[in-house]
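Okay, everyone, thanks for coming.

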Amino acid sequence: MSSLLNYDKAVYKKIKNLYPEVIFAAPENVFSENAKAHDGKVLLPFFGIWRLPDFTVNRDLYNDSYVRRGQARMSRGSNIEYPNQPVAMHGLPVSLQYQVDIYAHKRDVCDGLAAELLLEIYENPWVDVHQTDMGEFMQQFNIDIDDNIVDNTSISEFSETNRFYRLTATLNMASAVIYRISNVHMLDKIEVSLDDIYGEESL
């Protein structure tokens with residue numbers, strides 16, 4: 001499983017706590033996914049979320065603390081690769097971006113949801129990420145939003161019976177961590193005779 005999936009889930013949950021209709025899908029697929037979730041009918045207004053494919057290694061944050069050793073803690077229902085075994089976690093800080101689209105039939109509804117999104121991120125600029133690298137725990141990561149909300153409404157596609165407005169915001173997470181877990185092989189115990197160390201004559 002990609003270590004970025006936990007960040008996707010955290011951003012999805014944050015937006016869903018703001019408004020219940022949220023679809024995590026690429027913009028070209030968001031309407032079909034919406035229809036699948038509502039018996040073949042598209043329900044508006046709604047938020048569409050998608051993590052942009054490009055991400056940047058944040059070298060300014062990288063240090064030795066991103067290599068950790070410890071015991072993989074096992075808990076009920078967890079998906080730990082090496083349960084209850086010594087492991088090493090190799091992490092790399094990266095910057096992620098999420099595109100958030102707001103779709104609505106009316107301009108004022110779109111504007112209102114955009115205002116709610118801005119206020120939520122400015123007042124609570126973090127997400128709670130369910131980490132499962134060496135056990136299960138919640139960790140907060142800072143998130144911010146671009147100051148500009150872009151109007152991506154396509155007027156040319158409007159019709160009197162099927163029109164919608166679309167506003168787009170970008171969320172930024174500068175301190176996410178991608179990681180991999182490796183099993184730490186412990187040395188086997190070896191019995192050594194004192195004769196082998198000092199020789200029989202010295203005893």
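Thr153 is buried, with a relative accessible area of 15%; buried means under 20%, exposed over 50%, partly exposed in between, using a 1.4 Å probe and protein chains only. Before I go on: this is a predicted model, so to speak of local features we need pLDDT of at least 70, side-chain atom pairs count only at pLDDT 80 or more, and totals for chains, interfaces and linings use all residues. Residues are numbered from 1 along each chain as its sequence is written, and side-chain values use heavy atoms, with hydrogens and water left out.

Back to Thr153, in the loop between strand E9 (150-151) and strand E10 (165-183). Strands are DSSP runs of E, at least two residues, and helices are runs of H or I, at least four, numbered from the N terminus. What does the Thr153 side chain make a polar contact with? That's the side chain of Asp151, at 2.7 Å. A polar atom of the Thr153 side chain also sits 3.0 Å from the backbone nitrogen of Arg166.

Now helix H2, residues 30-37: its buried residues are Val30, Asn34 and Ala35. Looking down the H2 axis, those fall within an arc of 140°, so they line one face of the helix. The arc is taken from the directions from the helix axis to the C-beta atoms.

After H2 comes Asp39, which isn't a glycine and yet has a positive phi of about 55°. Asp39 is exposed, at 78% relative accessible area. Pro45 is in the loop between H2 and strand E2 (46-51), and the Leu44 to Pro45 peptide bond is cis, omega near 0°. For background, most peptide bonds are trans.

Key: Polar contact = N/O pair within 3.5 Å; in protein donor to acceptor, adjacent residues only side chain to side chain.
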